[in-house]
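Reader: I am new to this structure. Please take me through one part of it closely, the strands and how they pair.

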Amino acid sequence: MGKDRISELPDALLLKILSFLPTNIVVATSVLSKQWRSLWKLVPNLEFDCEDYESEHYTFSEIVCKSFLSHKAPVLESFRLQFGSEKLNLVDIGLWVGIAFSRHLRELVLDFYPAELRTGTTFTFPSSLCTCNTLETLKLVLRILVDMPSPVVMKSLRTLHLEFVSYKDESSIRNLLSGCPGLEELRLYRGDDSDIEVFTIEVPSLQRLMVHDNNDGPEFWGYLINAPSLKYLLIDELRCPEFCLNAPELMEANIAHVTSITNDKFLGSLTSLKRLLLNLSPLKITYPTGSIFYQLVSLEMYTREAKWWNLLTLMLDNSPKLQVLKLTDHCLNFHKNGLVGGKWNEPKYVPECLLSHLETFVWRRFDWGREEEKEIATYILKNARQLKKATFSTNPIDSEELNKLKERRKVLNELDGVVRASNSCHLVFKFDASYDVSDSS
């Protein structure tokens, strides 16, 4: 039982295991035995967090420098550095990045968190550090200033994450992106960038774009995006007034928490989609006249916003090939008691997708207490001629809500009694975490 079995593993496997650990732990393995003494020097990853290093004899900068001098891996897969200004001289970072680039670095992650986030202390990431032709992934996090007076040279970069960094000017953004001809994924987390009026993204190779932006300053106009190869778009938060998108190959989009866009071409720029998730306020988004989602086969919508059903009606009318419809309330115990009521008006004509294409209908956390939701569910069941399965679920019932069980059963029985347009529709009810009622008639 006391035999050292892990040391019997091949060195290649040991190096793979060690590559998942922070460098301080990897270096500590050198005291295990003669076999382990130099093994850490070949681990292809270096990861340093200044909070993990406390020494009476060496500063954090000295420890990192000694690690680089001892490291022997011919190719450095990853260099990750989390640091605060009080722990090191920021000039050293440029030196370390330069050494990492000389080792054919593939991933660089810099996370700068000064002790006082409210101070103006930043680490400037200049264009002189963007000259690595082997770098495939670059992630810059928090108090980092992107200063690019001229285009960068990162021909191999595929993934770029810019998380709450700041930019010297709009030219720095353009110079950074234009120097990455193979960029495929861009992830943006943005806060208040008072010096940026228009955030321009013009990347012909870009395939995935993710934007999380809570900047609502009056000087920020919005985004101007030209990405002819874009396949996937995620917007988790957006408060700017404009979002201009040219992405003719876009296949999938997840659009949520967009609160202030006034451009009526926003939804119109998404008509090439096959899959779409919407969590929008219909009262704040203008639906463009004449925009048809000819390719859309899967639509998921959230139902918390007032009069959300108006947007649903528009989407059904303008998505003739829709096959999958999912309605979701993402809050587990939300009953919409504070939601402004209203009447849902049936379309004058049954949408084409209900007559010929819709096969799957899912309503998660269906609010059995609201009449308009029962009307919408009934309408779809009555008119979806090709429907194969309809699933309704409500929130789990706790001990305080057992008296409401009969009322829920009544509503579900009413839906079960609807004369369905599709004779083969399989109806499933889920009104408790552990109890389902199914009807295949």
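Author: What follows is a walk along the strands and their partners. This is a predicted model: local features need pLDDT of at least 70, side-chain atom pairs count only at pLDDT 80 or more, and totals for chains, interfaces and linings use all residues. Residues are numbered from 1 along each chain as its sequence is written, and side-chain values use heavy atoms, with hydrogens and water left out.

Strands here are DSSP runs of E with at least two residues, numbered from the N terminus. Two strands pair if DSSP finds at least two bridges between them.

Start with β9, residues 185–190. Strand β7 (residues 159–163) runs parallel to β9, joined by 5 bridges. Within that pairing, H161 has R187 of β9 as its bridge partner. β9 also pairs with strand β11 (residues 208–213), again parallel, over 6 bridges. There, L186 stands opposite L209 of β11.

Now a sheet. Three strands form an open one, in the order β10-β12-β14, with parallel pairing. β10 (198–202) and β14 (242–246) are at the edges with a single partner strand each, so one side of each has no neighbour in the sheet. Neighbouring strands of this sheet are turned by 10° against each other on average, direction ignored. The axes behind such angles are lines fitted to C-alpha atoms, and angles run from 0 to 180 degrees between N-to-C directions. Strand β12 (residues 222–226) is joined to β14 by 5 bridges. N226 stands opposite N246 of β14.

Key: Helices (H or I, at least four residues) and strands (E, at least two) are DSSP runs, numbered from the N terminus.
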